[in-house]
Amino acid sequence: MPLKQPLNIPKIPKTRNKKAEAAIAAIPVKKPDKSEYICKAFFHYDSIYKKQYVSFTVETVLELKVFSYEISVDVIRKKDDIYLVIMGLSAKTNYAPQVQPARKDNYFEDLIGDITVNVVKQDGSINSAVYNINYLEKKITLVNEFMPEKENNRRFCSFFVATEENSFKEE
């Protein structure tokens, strides 16, 4: 016996898209400090495009064992302020799983002077650091690491300059 043809096609509700601006404006729930992420700054030379970039890499402290993950990050740039909003994790396609932290490289090519990097979680917590970038001396220095004045803000991210990951044009 054949099935009846439906008279109305049911509407499937759309999923809510997370917005980076909403995460910046959110007020987090009070929680204790726990180190979850690391933000590294270093120079990266792309040999294909032949351009020098400054990379702000966000990676997890925990190493993931079964699958390889990548952190999905929305980037909002306002002059000398960069907001790296952590949206979640996404699985990478690879054939051999490795024990490694989830990470995301964010490349910027026109940064000079003091740059404020803000790492924002979905619950509204913000951790910030000021980096001084000097292309002539090929040097990045961490000037200051702080938490912005916000209700129930907590420390969840550490900031570093990863000089061992620097890559420059080979001559």
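In which sense do S1 and S2 pair, and over how many bridges?

A: A word on the source before the details: this is a predicted model. S1 and S2 pair in the antiparallel sense, over ten bridges. Take one of the pairs as an example. Ala41 has Phe56 as its bridge partner in S2. The two strands form a hairpin, with four residues between them. Look at Lys50 in that turn: its phi is positive, about 55 degrees.

Now take S1 by itself. Strand S1 covers residues 37-46 and is mostly covered, with nine of its ten residues buried. S1 also pairs with strand S9, residues 157-161. Here the strands run parallel, and five bridges join them. Ile38 stands opposite Ser158 in S9.

Next, pick out a residue on S2. Ser55 lies in this strand, which spans residues 51-60. Is Ser55 buried or exposed? Its relative accessible area is 0%. The cut-off for buried is under 20%, so Ser55 counts as buried. What does Ser55 touch? Leaving aside residues up to four places away in sequence, its contacts are Lys40, Ala41, Phe42, His44, Asp105, Asn106 and Tyr107. Ala41, in that list, is also the bridge partner of Phe56. The side chain of Ser55 also makes a polar contact of 3.0 Å with the side chain of Thr57.

Then there is the largest pocket. Its volume is about 240 Å³. It is lined by 14 residues. Nearest its centre lie Glu36, Tyr37, Thr60, Leu62 and Leu89. Strand S4, residues 81-91, gives the most to the lining, with four residues.

S4 leads on to another set of strands. Five strands form an open sheet in the order S3-S4-S6-S7-S8, and the pairing is mixed. Strand S3 (69-78) and strand S8 (139-146) stand at the edges. Each has a single partner strand, so one side of each is left without a neighbour in the sheet. From one strand to the next, the twist averages 30 degrees.

Finish with two pairs in this sheet. Strand S6 (residues 113-120) and strand S7 (residues 126-134) run antiparallel, joined by eight bridges. Within that pair, Val117 has Ala129 as its bridge partner in S7. S7 and S8 also pair in the antiparallel sense, over seven bridges. There, Asn134 has Lys139 as its bridge partner in S8. The hairpin of S7 and S8 has four residues between the strands, and Lys138 takes a positive phi near 55 degrees.

Key:
Residues numbered from 1 in each chain as written. Predicted model: local features only at pLDDT ≥ 70, side-chain atom pairs only at ≥ 80, totals over all residues. Heavy atoms only, no water. Buried < 20%, exposed > 50% of the residue type's maximum accessible area, 1.4 Å probe, protein only. Polar contact = N/O pair within 3.5 Å; in protein donor to acceptor, adjacent residues only side chain to side chain. Contact = heavy atoms within 4.5 Å. Pairing = 2+ DSSP bridges. Axes fitted to C-alpha atoms, helices over the stretch in contact; angles between N-to-C directions. 1 Å grid on protein atoms, 1.4 Å probe; cavity = no way out; pocket = protein on both sides within 12 Å on 5 of 7 lines; lining within 4 Å. Points joined across faces, edges and corners; volume = space filled by probe spheres on them.
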